[in-house]
Amino acid sequence: MSLTDTVQGRHIPDQLRSTLDRRLKSWESLLLLVAIGIFVVNSFASPYFLNAWNLSDATFNFTEKAMIAFAMALLIISGEIDLSVASIIALVSTAMGLVMEAGLGTPVIVLTGLLTGLVCGAFNGLLVTRLGLPSIVVTIGTMSLFRGISYIILGDGAFRGYPADFAWFGQGYVFWVISVELVIFAILAVIYGVILHKTNFGRMVYAVGNNPTGALFSGIRVERVKLTLFLLTGLMSGLAAVCLTSRLGSTRPSIATGMELEVVTMVVLGGVNILGGSGSIPGVVIAAFVMGLVTFGLGLLNVPGIVMSIFIGLLLIGVIALPRLWAMSRKGR
Amino acid sequence: MNIQTDAPVLALDGIIKTFPGVRALDQVNLSLYAGEVTSLVGENGAGKSTVVKILTGIYQPDGGSILLDGKPVVFATSQDAARGGVTAIHQETVLFDELSVAENIFIGHAPRGMFGLIDHAEMRRKAGEILGGIGAAIDPGVKLKDLGIASRHLVAIARALSVEARVVIMDEPTAALSQKEIEELYALVATLKEQGKAILFISHKFDEIFRISDRYTVFRDGQFVGAGRIDEISEGELVQMMVGRAVDQIFPKRAAVIGEEVLKVVGYSHPTEFEDISFTLRRGEILGFYGLVGAGRSELMQSLIGITRPAKGVSRIEGKITVIRSPADAIDAGIVYVPEDRGRQGAIIDMPIFQNVTLPSLSRTSRRGFIRLAEEFALAREYTERLDLRAASLDTPVGSLSGGNQQKVVIAKWLATKPRVIILDEPTKGIDIGSKAAVHDFMSELASQGLSVIMVSSEIPEILGMSDRVIVMREGRIAAELEGADMTPETLVRHAAGIGVSGAAA
Amino acid sequence: MSALKSRDTLLFGAILLLLALISTRFPGFAAPSNLASVLTDTSPLIVLALGQMVVILTRCIDLSVAANLALTGMVCAMLNVAMPDLPMPVVILVALVCGACLGAVNGLLVWKLDIPPIVVTLGTMTIFRGIIFLLSDGQWINAHEMSPAFTGLPRTVILGLPILGWIALLMVAVMAVVMSRTPLGRAFYAVGGNPRAAVYTGLDVGRTQFLAFVISGTLAGLTGYLWIARYAVAYVDIAGGFELDVVAACVIGGISIAGGVGTVVGTLLGALFLGVVKNALPVVDISPFWQLAISGAAIIIAVTLNARAGRAKGRVILKSAEVTR
């Protein structure tokens, strides 16, 4: 405040700090350093790490999750959350399996998948915006409901025998070691980055998340923004389900169990405030790489998956707790 | 029997309390005597609520001392104040919906029985006693949420009386009560006096101030104006002390050419908030809305911009019937609202200044939905510089500015939409003198340029200094519409408080 | 008159109706012995839901209860394998303390670091599961490794009901007393119902939330031992996803996620409703795979009904709008 009071005269500069200075001191740069650090450590820890094909394989650890994480980042910035994403994957995958069993081809399968995702997103979004229910409870409910429907349809069975060309999404390569999923990931990163940082809609997402009442008073149709974000999250879950199903080549109702946690962790690790209002897509992209590298590195060291989840959990709490502990210790001094 | 002593039970001596940007209390004095009712009189913003919070340990004074029986004391917490024998019935009810009446009264000091467990029977009995003592026929066993507003207030009073108190503070206790309940409250005040308690009574209603008080103290703008015995002063003199203003305050009201009708509201009614509101607003006019806090002015304004929807009534803009369902519709229709609650409704304080300014105008600063920063900065600069905003840069968060400069950002935001009608709700509340003058100056300039302005304000000098016409609201209705020579402080206060306007509602 | 009372009655009626419908076709279902077994089956859910209720009352949520249950259960099982002669009260004490400590971790992160409860408990949920793997090395502990006293306790039948069922009833009674008769119990309602007013009356909101997590953790720990002993097996994924059933029981029982609203009776009924459904499915020959979807649908229906009941009214300014007139 002292700054603002000392400035005299009418001219107000647009910005004081340069964009470069701001970027250097951001959460994203810190995260990038962490990512590089992990990369270096990994390359020393295992001789198999610095291999183009191994690294390419490693990207599958995060591409599908990151697809959802981009939409989830926007949703969390707007002050809501969707815990049902992994269950949407299960339902979408089951719907695709049904279509496949009916003998329809890959285009119909994919379209069904995306549509089912959209419908699930609409279901969540309408419950939250039209009935004014808290999104956390609604999506805990649909988390059971969506996967439950999969279980009703599949029981302990599975769908197998997807058409050969369907495998392209999860197993195909565009060029050398660059997988189809990696390309989809990159394209989505750009699209979501532009939506959030360069469009009016993105600006509204921030406004809604920072202060929904203030946004409403400013003429923003808050509910429409939120509904759109739930639809996007559903659609992205559908897309992730297409990729995952294609990669696994089968559908079981237990598919992607617990993935919602990793998606939320990725978003929070990327610097998105879980209470809404701030965050960036570059942050989420780097967080995706960090999580992928950690998982891959630990995998090379033969650390079992369940132990990796300890790291994910610690990461989730740690990234929020450490800055606060740091602030507390500085205040104490 | 009144116990009269010369020494006050509780006294404030030269109390100072400052908040960022404002001095809420500037060396005020207040004395409360055993067995006597002292009324604290003043306009909104005079510092009455701040005094209550200091007396009850919720705020700490920045200077001066609190004297209990002549000895200085420190009330660091609300418990300290309670132990010192000071209890308060707060203006905002601090009660719990899901707990029973008895529990609301005794939370924190419930009677215990076997094994240290709460003795519900005993608690209900004691609560019944206290409630009976204040003539409230409320079952102590029911949940608070099943009670009406008036009964809730009686519970709050009972809660204040459940502790051994020597000083009882009543902050507008009759605001929500019916006439019968008010009579019962007066009887209660008399009982408390007999018990030798010192009572601080805060009210806007002059009839009751004169009926129940023994003494008065007047504050104005956080300063002590005067005190004395109530039987030595007339109603007129008291109003004069309350609203009297230093001569140095000049309102920059320019004569504007008042043009044709821009907004016409007919028969606006809401189930619970306001009823039968009709008025017109002309081009270049500043229309003041005066009333006590809670008279329904903000609620009416918010229904005009589509936050709530009236059950009945029409609004016409330039003759055309216009239905406004949301603030977005209102912006399209050219009506904008600068809310009273800046932090929650007006600004998005964690976002930068320029983004706040352009938020309702994004369609103008963008191309095909894509943001164009240069145009945003240009628009933000144009309006913030016109309002003489003081800020380090346009990308600093609004929250880092002083209250006055935050208000300038909010006003700039709305002017940038090029509205026909701008509604300003308490536009200068809680901002410094310099910013106040800038806001007044600008408001006047806007009107002279042909904008129509509605100004909701509880500050009489501001209303009288800026408005071409004044509508006074009371209890959700229009109590009076005043023009020209009728616009005096006395008429405003009388209509707002219902003095001499015999029982309009009943 | 009171919406809550009628809600509980409604839910109780729904459970009775469900029982009646099932017993028209399968008379054995409503027999006392079968009802006792339904209650016993539902006991872990009841006990966990009681803990969750306290947490939700204070405007928090605890998604780590099932992981806490599994971790504490594993600790008890390993303790039993290492020291088979340890008296059962000591084992139960260990379960309570272990659960309380895990709950305290959640509570401290929420209280001292002000991290949103959902983030804290999502995180600790995975961490707890990971710790089980580290402790057990991914191995199962089976019935034959546990002592008969260890596995037998919850199944011992007293007056026609196994101890497991009695413990659930005891916990209901204890929590009913705590919630209605202790200052702490009332503080949970006050803090969740109106945190601002709670501060005015001198209650510490963060500390109250911490204690809610400790209670939830303690009950999860107790359930951990009971679960492991009853099913006589301990492994990493035990009770996986059970936290959702627990939240479902609370929401169905009328606990408002916005805090401050809910009762022990409602929670008990919510848990029993799910328990009856779960036990009835195989009887009426519906695949148990329906259960997940039914829980989910029940959560959504219940939260919709709750929101309907608690819709905020406008501010009352007009004298004529006051009810007393």
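Where in chain C does UniProt place the feature "transmembrane region"?

## Chain C and its record

This is a predicted model. For chain C, an unreviewed UniProt entry puts the "transmembrane region" feature at residues 46–79, 91–111, 117–136, 157–179, 210–232, 244–277 and 289–309.

Let's look at two of those spans. Residues 210–232 of chain C come out as 96% helix and 0% strand, with the end C-alpha atoms 32 Å apart. For residues 244–277 of chain C, the figures are 68% helix and 0% strand, and the end C-alpha atoms sit 15 Å apart.

## The domains of chain B

Chain B is split by its domain assignment into domain 1 (10–243), domain 2 (247–334 + 419–500) and domain 3 (349–416). Between domain 2 and domain 3 of chain B, the C-alpha centres are 25 Å apart.

So how do these two meet? Twelve residues of domain 2 of chain B are in contact with eleven residues of domain 3 of chain B. On the domain 2 side, helix α16 (residues 433–448) of chain B gives the most, with five residues. That side of domain 2 of chain B has eight nonpolar, three polar and one charged residues.

## Where chain B touches chain A

Now for the contact between chains: chain B puts in 37 residues and chain A 29 residues. On the chain B side, α10 (327–333), α11 (342–346), β18 (370–371) and α14 (373–386) each supply at least two residues. Of the chain B elements, α14(B) gives the most, with four residues. By class, the chain B side holds 19 nonpolar, eleven polar and seven charged residues.

Definitions and conventions
Residues numbered from 1 in each chain as written. Chains lettered and ligands numbered in written order. Predicted model: local features only at pLDDT ≥ 70, side-chain atom pairs only at ≥ 80, totals over all residues. Domains from an automatic or database assignment. Contact = placed C-beta atoms within 7 Å. Nonpolar A, V, L, I, M, F, W, Y, C, P; charged D, E, K, R; others polar. UniProt positions renumbered as here; feature names shortened; annotations may be inferred.
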